[in-house]
Amino acid sequence: MTRALQEEGAADASVETTRADARARRCRAYLGIGVAMAVAHPLIVSPLASDIAYFLIAFYGLAGCVIGVRSNRPRDGIAWVWMVVAHALLTAGEVAQAATDNDGSFGRNVNLADVLYIAAYAMFVAALLGLARDPAGSRQRAGMLDGLIVFTGLTLVAWELLVLPTYTAGAAYAAPQLLRVFYPIVDLLLLGLLVWIATAREARSPAFLLLAAGFTAWACADALFHMTVSSVSEPSALLKSMWLLAHVLWGAALMHPSLHALHAPRDHETGDFPPGRLATLALATLIAPGVLLVQYAFGIPVDVAGVAVTSIIITALTWTRVRHLLARMRQQARRLSHWAQTDALTALPNRRQLEHRLSQSFADRENVALLALDVDRFKGVNDTFGHPVGDRMLCALAQRWGDELEAGDLLARLGGDEFGVLLRGPSAGKRAIECAWRLQASLAEPLALDGISLHAAASIGVATSPEDGTDAERLMRSASAAMRAAKQRQSRVEAFVDELDTQDSRRLLLLNEFHEAIRRGELVVHYQPKLALASGRVSGVEALVRWQHPREGLLPPSAFIGAVEQTEMARDLVQVVLDLALAQCAAWRREGLSLEVAVNLSPRNLADPDLADWVAGRLSANGLPAHALELEITESSAMGDPVRSLHALGALHALGVILSIDDYGTGHSSLAYLQQMPIRVLKLDRTFVSRMGRTMADDAIVRSTLELAAELGLDVVAEGVEDAHTLSLLAAMGCHAAQGYHLAPPQPPADIPQVIRDIERRMRRQVTAHE
């Protein structure tokens with residue numbers, strides 16, 4: 001149903017677009033014909049034919065207004081109705097003027113035409129005032145000030161060049177002449193209203209430009225006509241052409257489909273300040289000195305009082321406009337400052353604001369505690385369900401964690417899936433751990449995200465002042481180090497200790513050297529045997545990388561693996577280990593020692609679409625069958641991106657490679673879910689194996705895992721076998737294989753043949769002793 005509604009909406013939008021295009025084409029045709037007629041009107045020689053053509057073109061413009069309002073049906077159309085009425089009254093006034101002015105003296109008497117003209121101008125003012133309002137009815141103060149500045153400046157020009165010359169020309173026709181000077185003054189008011197409307201960027205549409213062009217043409221024609229001394233002569237053909245052009249432009253403005261833009265919601269007080277408007281206001285403020293300069297240059301009498309009053313008014317309006325602009329700039333600066341310190345997705349404070357609050361707390365010598373939170377497996381949520389679901393998950397976590405905090409505590413989003421919590425006050429250090437566990441407990445219930453129920457997990461690091469840092473940067477670094485430790489140890493909450501900082505610094509230094517270590521061939525592989533419990537024979541080995549550092553000696557994986565797996569070098573590392581392990585496996589087979597070799601994959605490898613092809617190529621290059629290689633993935637990496645993991649594992653399974661889950665039992669997945677993947681082996685984590693025989697709970701966990709794996713057809717390898725008793729218990733329970741220090745620690749490849757012989761000899765002696 002939703003899809004049908006979407007398709008119906010798209011179809012309606014397409015139809016409306018087609019109609020708008022048709023109206024735009026009709027408007028262009030109307031405008032072209034009208035402009036051609038207005039421009040060609042002065043070519044008509046006969047006075048009667050000229051008058052008839054004049055009124056036909058005027059009615060053509062009026063018809064365009066009526067058609068435009070009916071076809072466009074603009075919202076809040078009362079302003080446009082007034083525009084049509086004003087146009088009609090103006091046309092009627094022109095007809096009345098032609099009918100009553102038999103002797104050609106336009107300016108001698110006040111008549112019916114003047115009444116119609118005054119009514120038309122009143123309706124024009126009402127219409128433009130209506131357009132200067134947004135649909136909600138509020139006015140833009142900035143636009144009103146701009147319009148007043150322009151109107152005042154132009155009024156000074158009219159006063160000096162129209163009103164005073166007309167008034168001083170003679171007393172015979174003073175009253176009708178002054179009435180007719182009123183018209184260009186109102187024209188200037190209309191232009192000022194257009195400046196007001198133009199303040200909103202939505203108004204700059206073709207319809208508005210046509211409307212503005214029409215009023216400008218009409219105002220120029222009125223001003224030129226009334227600049228004559230007595231205004232009693234017949235208007236020139238050029239002036240009539242300009243008036244007709246205004247009629248046509250008004251009709252085209254109302255016919256254009258962009259008429260609706262003038263009723264779009266206005267962006268109050270935040271509109272831009274384009275160069276065109278700035279230039280207009282600058283010219284308006286220079287009108288007073290410009291008029292004085294022109295009058296002095298041409299010897300025209302100057303009305304000092306009028307210039308002075310106008311200058312004062314323009315200065316006051318400009319000063320008010322500048323104050324308004326500065327107030328807007330301050331408001332925008334506050335708004336930008338707020339958004340610069342606010343996360344756009346969750347509306348929480350961002351990293352910058354958290355750092356500012358931390359620095360302020362240190363400056364005030366407050367005790368503070370900082371919690372660094374990282375959402376586990378968030379990338380898998382984005383890749384599986386899409387980024388919109390991931391965004392909603394972050395918003396839901398922000399809401400849930402915010403509800404758990406006390407007044408005065410600050411929750412911030414630091415970026416990506418990382419959050420921070422700032423606790424302040426004398427008890428901040430004491431509350432920190434308790435707050436961390438309270439936030440963890442809030443994740444017990446799943447998040448409901450538009451029909452999707454997701455269980456969220458997080459790793460939290462805690463740092464307090466002054467023990468873990470005496471400035472914002474140091475405390476944030478300490479909290480992040482504790483959070484990484486919690487993620488690595490899967491302990492959910494970790495407090496910072498100095499060793500973490502030392503380890504982080506050391507790992508960073510080693511990470512900087514790791515690329516060169518690969519290039520120089522400093523990585524070596526040791527192997528730990530796996531014993532098949534049913535046969536007492538060593539069936540394979542696990543490849544474990546070491547770094548033969550030139551200064552620090554042989555480094556274990558824990559010294560560098562965690563840092564490397566967070567970078568793109570994780571792929572290079574696995575490729576080096578695979579190359580070394582497969583080459584060694586081939587060498588052993590040539591010596592008659594047939595072993596399977598297991599290599600650990602990183603989560604980044606599962607995202608590599610060429611992984612299966614590359615593995616196939618390395619197996620072929622070493623002359624090994626696919627079943628000679630076992631690839632181990634961790635439970636968390638398999639669950640982090642299930643879709644991509646299934647694709648990569650499916651390709652490797654089709655190749656014939658043995659796939660296993662390492663550290664099984666430490667993640668959050670179920671065996672039933674993992675069974676959907678082409679897994680053949682489970683490696684039971686040492687956490688459970690090492691406590692066998694000591695707690696009934698761990699024995700029960702191992703036994704139940706073995707039974708369920710057997711039903712699903714999976715082999716189980718027990719890791720961390722440290723004594724003979726544990727080995728015997730595993731054999732009695734039917735475990736497939738075992739590895740651990742009781743059998744042998746990881747060994748250099750040259751020692752493996754002898755180590756295997758020793759292990760198998762011990763197993764035979766134990767069997768003989770039991771018999």
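Trainee: Where is P466 placed?
Mentor: P466 is in the loop between β6 (458-464) and α16 (472-489). Those labels are DSSP runs numbered from the N terminus: helices are H or I with at least four residues, strands are E with at least two. Before we go on, this is a predicted model, in which local features need pLDDT of at least 70 and side-chain atom pairs count only at pLDDT 80 or more, while totals for chains, interfaces and linings use all residues. Residues are numbered from 1 along each chain as its sequence is written, and side-chain values use heavy atoms, with hydrogens and water left out.

Trainee: Which residue is joined to P466 by a cis peptide bond?
Mentor: That's S465, and omega of the bond is about 0°.

Trainee: Is R365 buried or exposed?
Mentor: We go by relative accessible area: buried means under 20%, exposed over 50%, and partly exposed in between, using a 1.4 Å probe and protein chains only. R365 counts as exposed because its relative accessibility is 79%. R377 has 28%, so R377 is partly exposed.

Trainee: How do I read strand pairing, and how many bridges join β8 to β9?
Mentor: Two strands pair if DSSP finds at least two bridges between them. Ten bridges join strand β8 (residues 523-532) to β9, and the two run antiparallel. The hairpin of β8 and β9 has four residues between the strands, and in it G536 takes a positive phi near 75°.

Trainee: In which sense does β9 pair with β10 and with β11?
Mentor: With strand β10 (residues 553-555), β9 pairs in the antiparallel sense over three bridges, and W547 has L555 in β10 as its bridge partner. A hairpin of three residues joins β9 to β10. With strand β11 (residues 596-600), β9 pairs in the parallel sense, again over three bridges. There, G540 is partnered by E596 in β11.

Trainee: Why is β9 said to be largely enclosed?
Mentor: Ten of the 13 residues of strand β9 (residues 537-549) are buried, so β9 is largely enclosed by the rest of the structure.

Trainee: How far apart are L743 and K530 in sequence and in space?
Mentor: They are 213 residues apart in sequence and 8.3 Å apart in space, C-alpha to C-alpha. L743 is in the loop between β16 (737-738) and α28 (752-770). L743 is buried, because its relative accessible area is 5%.

Trainee: Last one: which residues form the positive surface patch?
Mentor: Patches are made of residues with over 30% relative accessible area and no salt bridge, joining like charges within 9 Å and nonpolar side chains (Val, Leu, Ile, Met, Phe, Trp, Tyr) within 5 Å. A salt bridge is a side-chain nitrogen of Lys or Arg within 4 Å of a carboxyl oxygen of Asp or Glu. Lys and Arg count as positive, Asp and Glu as negative, and His and the chain ends are not counted. Each charge is placed at NZ of Lys, CZ of Arg, CG of Asp or CD of Glu. Here the patch is formed by R323, R330, R334 and R335. R335 is in helix α11 (residues 304-340).

Conventions: Areas by Shrake-Rupley, 256 points an atom, 1.4 Å probe, with all protein chains shown as cover.
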